[in-house]
Amino acid sequence: MSETLAESTSPEAESTGGDGTPAGKPSWRDTHPTAARNTRWALNVLAALLVLGALLLPNKVVYLHPRAFVRIPAEAILGAAVMLALPRRPRLVVAAVSGAALGVMTILNLLDMGFNDYLGRPFNPVLDWELLDDAQSYVADSMGGAVAVAAVIGVIVLVLLLLAVMTLAMVRLSGLLVLDRRAATRGTLLAATVWVTCAALGLQVFGIPLASEHTAALTALQAKRVLYTVRDEAEFQKVAKVDAFGNTPGAQLVPDLRGKDMIFTFIESYGRSAVEAPGIAPGVDKTLDASTAALAKAGFHAKSGWLTSATYGGSSWLGHSTTLSGLWIDNQQRYRTVMASDHLSLTKAFKKTGAWDTVGVMPGIQKGWPEQKYYGLDRVYNAFQLGYQGPKFSWSTMPDQYALEAYQRQVHGKKRDKPLMSEIILTSSHQPWAPIPKMVDWDDLGDGSIFKPIQKAGNKASDIIADPTRSKQEYGKSISYSVTSLTQWLERYGSDDTVLVFLGDHQPIARVSGENASRDVPISIVAKDPKVLDKITTWNWTDGLKPAHNAPVWKMSSFRDRFLKAYGSTPHPSKG
């Protein structure tokens, strides 16, 4: 008697039909043999397609083409050989475990797709789970709580279903193999011979090697990521303790900026694509040129260059911390390490002098923000402390123009004994770029209620997210709005002692910036006092707010030290 027959014969099978019907009654298989046979074959084919598809699934959307699935996976051949060699119970256990593992690998590949598409990097299985909570919050803020809840439920159901179906598919296929061990063994040997031949001859289909070991390679890659992450934590802790200005006395920090009101401003998603991408740049460049001219008329001049951001598409805090710490912070683990350290941030350097009051304006912050200590900010104004009574604009809690006016009313416009050092985060250019605020008369801003009809008449986020062309157009408009808000504020409220440093935190997502886009962001320094810009003449930055294509490109982590040195700071290293 065959193994399969033995497996199907049990005490339960003796008292019931093969499909669970009482003994003596004809089963559905008996009364509908053709339908039963077709269903069985359909399930077999579906199981095979699911497993093969999972084994060949790429981890980037750009590789998701039919030709990627016309290959011979070595893992399937090896798996068949193992199943044929095992007795029944070990075979079932191995099949179930392998199916679950393949389901997990499929989930990781899907996460890689999403992270590569949005953040320009693969998913880190050690560090990135907590970012999924941020993703849920982003969906809630952009498209509503109901959509976010539905999305979370959908993801949970999809994950459980994928794990269950992949496990059942592997168990089913393992059973099929042993129906005729001799034929299955010959087929496995033939497939292995074909695979080896294809690999040896380098045979390709549509430019892709026909012999595949795709899943094994991706599994090894995931393991390397985990190992790298563990090693990087220990190594980066050592790096973070070394600081060229760690022991510099306050009196020797930025002496050439004494008496200046310093403003460091990050514009959300303001990347090189905004200035150079054909479908985006014309409107943004027009804004930059017009703002340069308007600032010059008000007595301000600017120089601009490029910085290569440590992040892409999102995780703005990594760009902020990299710029201000002088360390390359490209993951959450490094960020936590730095935030818990005493490594000198650029903003904290001003506090350390004792010559400046320090403040943060963070309209995107809606909860406690312990990072305030690391950045050396005496006070932080979050989304609830700027007096805004108008509507949210998707993720952004308030328009940039309002945030800047509130900063003027509550902080910058007040008399004080010391000059002010401010860190301001502008959020109106945050994806999904719908709806976008419009400029209003500064005298009419009030409590922000004036934005209600503007928000109501704007685009819906759901209409923009799925349309790459419209996303590019609206992204460009949002950058123009943010730049206009900032430069008009400077024209209106800036003084002879105001120095503005503003830059992007990262490029927009790949759907907007394009595949293989750089990670560069523009940076500008604006001042009335010519001595301020004279200090950076050797940087060879471009005059005006629009950096030239061939303007210098530095790593974002190099800016802190260059800035400190340019304005007279004396290095006194700490070495941990």
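Select Ser 396 to begin: this residue is buried, at 2% relative accessible area (buried means under 20%, exposed over 50% and partly exposed in between, with a 1.4 Å probe and protein chains only). The model is predicted, so local features need pLDDT of at least 70 and side-chain atom pairs count only at pLDDT 80 or more, while totals for chains, interfaces and linings use all residues. Residues are numbered from 1 along each chain as its sequence is written, and side-chain values use heavy atoms, without hydrogens or water.

Ser 396 sits in the loop between strand S9 (379-381) and helix H17 (400-412); helices (H or I, at least four residues) and strands (E, at least two) are DSSP runs numbered from the N terminus. Display Thr 427 and Ser 428 next: Ser 396 touches both, not counting residues up to four places away in sequence (contact means heavy atoms within 4.5 Å). A polar atom of the Ser 396 side chain also lies 3.0 Å from the backbone oxygen of Met 398.

Move to Tyr 312, in the loop between strand S7 (301-308) and helix H13 (316-325). Tyr 312 is buried, at 5% relative accessibility. The C-alpha atom of Tyr 312 is 33 Å from that of Val 70, 242 residues away along the chain.

Finally, select helices H6 (residues 88-119) and H10 (residues 214-240), which pack at an angle of about 70 degrees with axes 11 Å apart; axes are lines fitted to C-alpha atoms, for helices over the stretch in contact, and angles run from 0 to 180 degrees between N-to-C directions. Among the residues that meet are Leu 102 and Asp 112 in H6, and Leu 218 and Arg 225 in H10.

Key: Polar contact = N/O pair within 3.5 Å; in protein donor to acceptor, adjacent residues only side chain to side chain.
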